[in-house]
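Work through the exercises below with the structure open. Each task is followed by a solution in steps.

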Amino acid sequence: MDIASLRSAHPEHWKKAAALRVLAMDAVQAAKSGHPGMPMGMADVATVLFEKHLKFDAAAPDWPDRDRFILSAGHGSMLLYALLHLTGYPGMTAEELRAFRQWGSKTAGHPEFGHAAGIETTTGPLGQGLANAVGFAIAEESLRARFGRKIVDHRTWVIAGDGCLMEGISHEAIGLAGMQRLRNLIVLWDNNGISIDGSVDLACVTDQRGRFAAAGWEVLSCDGHDPADIDRALTAATAADRPVMVDCRTHIGFGSPKKQDTAGAHGSPLGAEEIAVVREIYGWPHAPFEIPEDIRAAWAAIGARGAPERTAWESRLAALSAGKRAEFGRRFARQTPKKLAAVIRALKRQAAETRPTIATRKASEMVLEVVNPIMPETLGGSADLTGSNNTLTADLGIFDPENRKGRYIHFGIREHGMAAAMNGMALHGGIRPYGGTFLVFTDYARGAMRLSSLMGQPVIYVMTHDSIGLGEDGPTHQPIEHLAMLRATPNIRVLRPADLVETAEAWEIALATTDRPSVLALSRQNLPTVRTVHGNRNLSAQGGYILAEAEGGRAKALLMATGSEVSVALAARDLLQADGVPTRVVSMPCWEIFEEQPESWRRKVLPAGPVRVAVEAGIRFGWDRWLYGERGKREKSGFVGMHGFGASAPADRLYGEFGITPEAVAEKARSLIK
C-alpha cells in the first residue's frame, strides 16, 4: 500500500504511525547517527500491534502478566523509544528522545535493559532478542503450568530483521522454539530486503519462510504497510497452536524519495533536506519532536487501554491463597527459600564427615539433588551433555509440549541458543535458569553470556570438563584460556570449587546472587575432599581464604590455587613443610568476590613476605594481580600451569607432562626462596 492510499483509507492510523516515523527521523538527525529506516518501515506494524493486540498497561510496566515486546532488530531503537514515549511509559520523556544516543540518556543507541521501563531486554547484537524471546516464552509456559491461566497467560512478540535471521543464533532459537511448540511466541519479520552492504541477496538467498516452516512454525504474511492486512495476520497468529512467524513485507525508509529501499536509510540520518521533503509527503507540518495533541491523546489512550485487564488480574492474584500468592511474589522477587542455607550446611557437614573423592561436576549434581526440591523456580538444562554435566536430578521431569510442569530442558547442541534463552527466562521473572555444557564451549555461548553480564541477569552456567583434566578428548575440548576470558568480563562471577564443600558453597553464592551471572567451572576428574573440618560459614563467599596455615613459623611460601589444583597445592605444601619451609595454602574459588573484600581481609590472606606460587591448569593471564599485586613482588612470584594448548592422553599423564605436579610447585617455591 502506497502512502497516498494509506493516508486516504486509514487516516487515523496514518497519523499515529507517522508520529513514530517523524520522531525516529528527528532523533537520529539530532544525534547525527542512528538508524531511521527500520522505524519508518515498521511503524505501521508496531502501531497495529500496540493498538489492537499487545496486552500492556504503560502505567504498570512491571505487571507480571503483560505481553512482552522485544525489538530484536535493536538498531531500530527509536521505534521502541517513540512507542514508550507516546504510550506514556514513566520516564520516557520528550527530553530523553532529544538526548538520543547521548551521555546519560535512557535512549542509548541500542535498547539497554534497565535504562528505561518497557525495555524488556538488551538488543543490538543481532539475533539475541529473537533467542531471548524463546526463553521468555518458555518461562511463560512453565509458570502458566504452575500458577494457572488466570495468573499467567501472555504472549511474547518480537520484531526481527533480516540481520537477526542471518545470524547463526537464529537457527538455534528457531529450532528450539519449533520443537517446544511455543504457541505464545510470535515473530514479526521486517522483510525489507536491505542490510548495511545493500540488498540482502548480496549475501543471503535463504527461503526464510521455508526455514521457519521446516522447524515447526506456522508462517503467515502481510503487507507491512496495510493496517487491515496487518491486523488480519496478527489476529490469525494469536490463534495458532505453535510459534508463528509473520512475514511483514515493508519498505525501509518508507516515504523517503532518495533513501527508501536503499542501504542509505539503514545506518545514517536522512539529512535535513530529505526530512523536510518526507514531512511534506507525510502531511506533517509540525516542528521536530512536536506531536499534535489529538495524536498524543490517541497514543495515550492506547497506553491506558490495558488498565482494566491489569486491574482484573490483580484481583485474581489477590484471590489466591496466601501461600500461593506469597510463592508467586517470592519467585518474582528472586528471593531464595529460607531452607536453602540449612540444606547447604547439611550437605557440607556430610561431605566433611565422609570425605568423598568425586569430580566437582558430580558434586554439583549432589547439590542440585538437595536444592531443586526446595526451589521450584529452578529450570535446568544442558546442550546435549546431560550425562556429562550432571545437571538433571530425578525430581525435575522433562519440559516439553506434553509436560509444561517439567523443569529440565533438552536444549540440543545449541550452546548459544541455550545461553540466550536462559537470559530470556531470567528477564521474564519467576524462573532461575541454569544450563550446562563443557567450559571450552563458552566460545559458542560467549555472545549471550556477555549480555547476561551487561544486563545483570543471574543466569547460572554449569561449565564442566574445566581443564586438561578432562583427558583423552584432547586440545579441542580442553579449555586453556577460557577462565581468563571469563574473568576478564565485567560483572560476572567465575566460581571454580575444589571439592564438594566448595561446590555447595558456590551454588549457594550463585543462587543468592540477583544482579549478575555465575559460571561454575567444574572438573571431569575425581578430586579429594580438601575441606575436612565442617563449619557453617561459607568461606567461598569471601572469594579466597586460608585453607591450610603454615606450620613451624611464619609462612615462607604461599601457594594459591583454584579447583582441581587446590589438592596439588596441598600436596606441594606437604613436601615443603617436610623440608622445613612453612607454607600456607590459599584456596581462591572466586577472584571477583575476593577483590570485593575489605583490604584487611585481603591483607590477612595475602600478607607481604612469603614467596607466592599460583597453580592452575589454565594460562597465567590474570594471576599477576595476586602474585605481585596485593603486597607481592614480581621477583618473588611464580606460576605453575599451562603455557599452550593441551594434548590427548589420560589426565594423570597430562598433568605430569605439563608439569602441574606437587613436585613442580614445591620446586618453584624453593627456587624463589633461594
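The exercises that follow concern cavities and salt bridges in this predicted model.

**Exercise 1.** Find how many cavities of 30 Å³ or more the structure holds, and describe the lining of the largest cavity.

Solution.
- Step 1. There are four cavities of 30 Å³ or more.
- Step 2. The largest cavity has a volume of about 90 Å³.
- Step 3. Its lining is made of 13 residues, and Asp67, Phe69, Tyr89, Gly118 and Glu120 are the closest to its centre.
- Step 4. Strand 1 (68-71) and helix 4 (77-87) each give two or more residues to this lining.
- Step 5. Sorted by class, the lining of the largest cavity has eight nonpolar, one polar and four charged residues.

**Exercise 2.** State which element gives the most to the lining of the second largest cavity.

Solution.
- Step 1. The second largest cavity holds about 40 Å³ of space.
- Step 2. Among the residues that line it are Phe69, Ile70, Leu71 and Leu80.
- Step 3. Strand 1 gives the most, with three residues.

**Exercise 3.** Decide whether Arg516 and Glu596, partners in a salt bridge, are each buried or partly exposed.

Solution.
- Step 1. The closest N and O atoms of Arg516 and Glu596 are 3.1 Å apart.
- Step 2. Arg516 lies in the loop between helix 21 (500-512) and strand 13 (518-521), whereas Glu596 is in helix 23 (residues 591-596), 80 residues apart.
- Step 3. Buried means under 20% relative accessible area.
- Step 4. Arg516, at 15% relative accessibility, therefore counts as buried.
- Step 5. Glu596 has a relative accessible area of 45% and is partly exposed.

Definitions and conventions
Residues numbered from 1 in each chain as written. Predicted model: local features only at pLDDT ≥ 70, side-chain atom pairs only at ≥ 80, totals over all residues. Heavy atoms only, no water. 1 Å grid on protein atoms, 1.4 Å probe; cavity = no way out; pocket = protein on both sides within 12 Å on 5 of 7 lines; lining within 4 Å. Points joined across faces, edges and corners; volume = space filled by probe spheres on them. Helix = DSSP H or I, 4+ residues; strand = E, 2+ residues; numbered from the N terminus. Nonpolar A, V, L, I, M, F, W, Y, C, P; charged D, E, K, R; others polar. Salt bridge = Lys/Arg side-chain N within 4 Å of Asp/Glu carboxyl O. Buried < 20%, exposed > 50% of the residue type's maximum accessible area, 1.4 Å probe, protein only.
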